[in-house]
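Please look over the model shown here before reading the comments. They are meant to be read with the structure open.

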Amino acid sequence: MRVAIAVDHAGFPLKDEVICVVQDAGHEVVDLGTFSTEPVDYPDYAEKVGRAILSGQAERGILICGSGIGACIAANKMRGIYAGLCHEVYTAHQGVEHDNMNVMCLGARIIGPALVPELVQAFLKAEFSTAERHRRRVGKVRSLENQG
């Protein structure tokens, strides 16, 4: 699987750890920046990840900003992007399994590097459920999205 990764300046300290975990799990990384702690705007990086997924350059994405909230809000403005904020392992896999989450958002100032491997591995290993109730609910989300 190809995984697009983008961070803002606050997320930069976790970026290398996330990349290592993704690569160690046998996946390909699409590194979309940023490349330093120089201040940048998180919506720009959320857009990069969203566009990578929508164009087929990546199947999933990981966004990191200070809290994870801004990146999550920005990413969810893009049709077809289903981003979730994950600060513990359950939501990292449940978001994919039940809600078809394709972008995991992390808050670097919230989780720190010790939790990164567990969160990233849970997200990458998870697959969307084939249960009818999950397909139905995701279908309703898409309907809302299409209505604007």
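Predicted model: local features only at pLDDT ≥ 70, side-chain atom pairs only at ≥ 80, totals over all residues.

1. Size and lining of the largest pocket. The largest pocket holds about 170 Å³ of space. Its lining is made up of Asn76, Tyr82, Ala83, Gly84, Gly95, His98, Asp99, Met101, His134, Arg137, Val138 and Val141. Strand S4 (83-85), helix H4 (89-99) and helix H7 (132-147) are the elements that give two or more residues to this lining. H7 supplies the largest share, four residues.

2. By residue class, the lining of the largest pocket comprises five nonpolar, five polar and two charged residues.

3. Gly95. This residue of the pocket lining sits in helix H4. Is Gly95 buried or exposed? Its relative accessible area is 7%, and buried means under 20%, so Gly95 counts as buried. Leaving aside neighbours within four places in sequence, Gly95 is in contact with Asn100 and Met101; Met101 is also among the residues that line the largest pocket. Gly95 and Ala126 are 31 residues apart in sequence, and their C-alpha atoms lie 8.7 Å apart in space.

4. Geometry of H2. Helix H2 runs over residues 42-55, 14 residues in total. From first C-alpha to last it reaches 20 Å, close to the 20 Å expected at 1.5 Å a residue. After H2 comes Gly56, which has a positive phi, near 90°.

5. The buried side of H2. Which residues of H2 are buried? They are Tyr45, Ala46, Val49, Gly50, Ala52 and Ile53. These residues lie on the same side of H2, because they cover an arc of only 160° around the axis. The cover over them includes strand S1 (2-7), strand S3 (60-65), helix H3 (69-75) and strand S5 (103-107).

6. Helix H6. Within H6 (residues 116-125), the buried residues include Val116, Leu119, Val120, Ala122, Phe123 and Leu124. What covers the buried residues of H6 includes strands S1, S3 and S5, along with helix H1 (12-24), H4 and helix H5 (108-111).

Notes:
Residues numbered from 1 in each chain as written. Heavy atoms only, no water. 1 Å grid on protein atoms, 1.4 Å probe; cavity = no way out; pocket = protein on both sides within 12 Å on 5 of 7 lines; lining within 4 Å. Points joined across faces, edges and corners; volume = space filled by probe spheres on them. Nonpolar A, V, L, I, M, F, W, Y, C, P; charged D, E, K, R; others polar. Expected span 1.5 Å × (residues − 1). Buried < 20%, exposed > 50% of the residue type's maximum accessible area, 1.4 Å probe, protein only. Arc of directions from axis to C-beta. Contact = heavy atoms within 4.5 Å.
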